[in-house]
Amino acid sequence: MALAKLGVVVLDCPDPRALAGFYAGVLGGTVEGDGEWVDLAVPGGPALAFQRAPGYVPPKWPAPVDSQQFHLDLTVEDLDAAEKGVLELGARPLDAEDRERTFRVYADPAGHPFCLCAC
């Protein structure tokens, strides 16, 4: 028996509205709120929330000595098309050179790693 249900995944960042806008461009959905906390209601999926974190330092990828903290796996139909879209929205590649793999790793504009997966 579960003790709880997952409510929302929260990402710390310097600019919650901007990062919510990035993920709305990637996942669709509606951005709500302003200031310290912003929600993204994602169609057919769990919500994401974005919280202002003064002194935010992005995780490093790959860095065996430093914590990655977490990452999102985003399932896509077409890796090349999804890559083009996330790069246009402001993502940067972290590990996307191997075109034979079924996933590629990027950082969002605040530096959180995420994977596009055709898995």
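The model is predicted, and local features need pLDDT of at least 70, side-chain atom pairs count only at pLDDT 80 or more, and totals for chains, interfaces and linings use all residues. Residues are numbered from 1 along each chain as its sequence is written, and side-chain values use heavy atoms, with hydrogens and water left out.

Helices (H or I, at least four residues) and strands (E, at least two) are DSSP runs, numbered from the N terminus. Four strands form an open sheet of mixed pairing, in the order S1-S4-S3-S2; two strands pair if DSSP finds at least two bridges between them. Strands S1 (9-13) and S2 (30-32) are the edge strands, each pairing on one side only. S1 and S4 (residues 48-52) run parallel and are joined by five bridges, with Leu11 opposite Phe50 in S4.

Helix H1 (residues 16-27) lies across S1, S2, S3 (37-41) and S4, and runs at about 160 degrees to S4. Contact means heavy atoms within 4.5 Å; axes are lines fitted to C-alpha atoms, for helices over the stretch in contact, and angles run from 0 to 180 degrees between N-to-C directions. Pro16, Leu19, Ala20, Phe22, Tyr23 and Ala24 are the buried residues of H1 (under 20% relative accessible area, 1.4 Å probe, protein chains only). Gly28, with a positive phi near 80 degrees, follows H1.

Notes:
Buried < 20%, exposed > 50% of the residue type's maximum accessible area, 1.4 Å probe, protein only.
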